[in-house]
Amino acid sequence: MPHGNTVTSPPNKTAILAIILISYVMIVLDISVVLTGLPKIHTELGFSDAGLAWVQSAYTLTFGGFLLLGARAGDILGRRRMFIIGMTIFTVASVAIGASQSSAWMLSWRAVQGLGSAILAPTTLALLQTSFDEGEERVRAVLLYSAAAGVSATVGLVVGGLLADWLSWRIGFLINLPIGVAMVIAARIYIHETDKRPGTFDLPGAVTSTMGMGAFVYGFIRSAQAGWDTTTFATIAAAIIMLCAFVLIERRASQPILPLRLFSDMERSGAYAGRALYISAMVGFFFFTTLYLQQVAGLRPALAGLAFVPATMLHVPIAIIVPQLIRRFGHNTILITGMLIGISQGLTLSPLTSSGVARVAREDAGAASGAVNVAHQIGSSVGLGILIAIAAIGSSGLSGADLTAYRVSHAFDAGTVMLAATLLISLFTIVPAALRQALSQEEAAPAKCVA
């Protein structure tokens, strides 16, 4: 063999797919596994009723805030390197969460864990796209990737309840240590480093957006505890200022993490807003239902987890057949039917995802996909904070099960309004834009035939 030449062995695609799927399962599982353990976390670590939302929001805020930066890092520094860094951060944070003895300690490490997920999530998806050939091979891999998310979300609720009831909610985080170590070792063996591309990091954009959203969540959650006093209003005002600064930074950045031109298309803008509202309602449903089942209905955590199965059992089969349904009945029909019937999130989220990347330029494809995920995390954090603030209105004087029941009822009413708003946004932005696109294609078809 001539000096200086290297031979790269062909990739083991089965091993790579296993690494990608297991890693993504870890991310999704740690979002849902904690939900059914919330009442016990509440008691053991001394959380306030409203402050309990931070267990979820601390994670989703840093996840969403640094998601686009994590995607850019993979392009610039190499995806295998960023996968290993992200998995290491995620694993260390998981162990620290499992060992938490105070609410402050847990929330700090939940935020760090979200940072690890912000690096891992886009890296796993990028590795899937680059490791599998376009066509049937990649379609199969993406299908398994989507199914893994659905299974993890459902299983996480059940497993979280079983662990909290029979052992400890901490096990759901500590188990990440051996799995995380195994994934790092496997990545070094089976994943080849990707080519690095020149570029810059929009760190000011990532920081201002995350701080702005964090201030919003803090302000709304604080309102549920202390009311709408001067500090609460000042926090909300600071959030608005930081988000305005983020917009200015993105307008001037040479390589923004969120190009504002993505919002020039009505369908994409509607998809982002609709997704944030829809996820707000969905996360609120799981968060408040968990509290109701255990603190009002008196179910043990294991039974509370099992109680979610009827509401989630169709997610995976629906996610598998959604592409065929869209091809047969059309994007708009499936989107609106999914919202009206509500038998599975997949009927709504899949069309919203397609609309979120509709007609995007090739150079903005990654940013558009990232924007979809950011809208998802905004719904999970800011949306939940808003629901908690609304649920607390008029609840003074109540305590115990009566207080929980009151807040759950009001949160569900607010969630219903959010779903109605999602439907209206879809009807007035996504549906008209898709219809115009279909009409333009029909008008262009005869012209091509004549030519």
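The secondary structure of this protein, a predicted model, comes to 19 helices and 0 strands. Its radius of gyration is 22 Å, close to the 22 Å that the globule rule gives for 451 residues, so the protein is as compact as a globular protein of that length. Along the principal axes, the C-alpha trace spans about 75 × 60 × 45 Å. Of the 451 residues, 51% count as buried. The protein exposes about 20400 Å², and carbon and sulfur atoms supply 66% of that area.

Contacts can be sorted by how far they reach along the chain. Among those between residues at least 6 apart in sequence, 81% join residues at least 24 apart. Ile16 is found in helix α1, which covers residues 13-32. With a relative accessible area of 5%, Ile16 is buried, because buried means under 20%.

The aromatic side chains come next. The count of aromatic pairs comes to 12. Trp169 and Phe173 form one that is edge-to-face, with 6.3 Å from centre to centre and 80° between the planes. Both partners are under the cut-off for burial: Trp169 has 5% relative accessibility and counts as buried, and Phe173, at 1%, counts as buried too. The rings of Phe287 and Phe288 have their centres 5.2 Å apart and their planes at 80°, so this pair is edge-to-face as well. Phe287 and Phe288 are both buried. Elsewhere, Phe216, Phe220, Trp228 and Phe233 form one aromatic cluster.

Trp166, Leu167, Ile171, Leu174 and Ile175 make a nonpolar surface patch of about 520 Å². Ile171 lies in helix α8, residues 171-174. Its relative accessible area is 33%, so Ile171 is partly exposed and is over the 30% that patch membership requires.

Charged side chains are the last topic. Side chains of opposite charge can pair when their charged atoms come close. A search of the whole structure finds 5 salt bridges. In one of them, the side chains of Arg300 and Asp165 meet at 2.5 Å, N to O. This pair links distant parts of the chain, 135 residues apart: Arg300 is in the loop between α12 (266-296) and α13 (301-306), and Asp165 is in helix α7 (residues 136-166). Asp165 is buried, with a relative accessible area of 11%.

A second salt bridge joins Asp229 and Arg222, whose closest N and O atoms are 2.7 Å apart. Here the two partners fall in separate accessibility classes: Asp229 counts as partly exposed at 27% relative accessibility, whereas Arg222 is buried at 17%.

The side chains of Asp265 and Arg359 also meet in a salt bridge, at 3.1 Å, N to O. They too link distant parts of the chain, 94 residues apart, with Asp265 in the loop between α11 (230-252) and α12, and Arg359 in the loop between α17 (346-356) and α18 (365-392). At 15% relative accessibility Asp265 counts as buried, while Arg359, at 38%, counts as partly exposed. Together with Glu267, Asp265 and Arg359 are linked in a network of salt bridges.

Methods:
Residues numbered from 1 in each chain as written. Predicted model: local features only at pLDDT ≥ 70, side-chain atom pairs only at ≥ 80, totals over all residues. Heavy atoms only, no water. Patch = residues over 30% accessible without salt bridge, like charges linked within 9 Å, V, L, I, M, F, W, Y side chains within 5 Å. Areas by Shrake-Rupley, 256 points an atom, 1.4 Å probe, with all protein chains shown as cover. Salt bridge = Lys/Arg side-chain N within 4 Å of Asp/Glu carboxyl O. Helix = DSSP H or I, 4+ residues; strand = E, 2+ residues; numbered from the N terminus. Buried < 20%, exposed > 50% of the residue type's maximum accessible area, 1.4 Å probe, protein only. Rg over C-alpha atoms; globule rule 2.2 N^0.38 Å. Contact = heavy atoms within 4.5 Å. Phe/Tyr/Trp six-rings, centres within 6.5 Å; stacked < 30°, edge-to-face > 60°.
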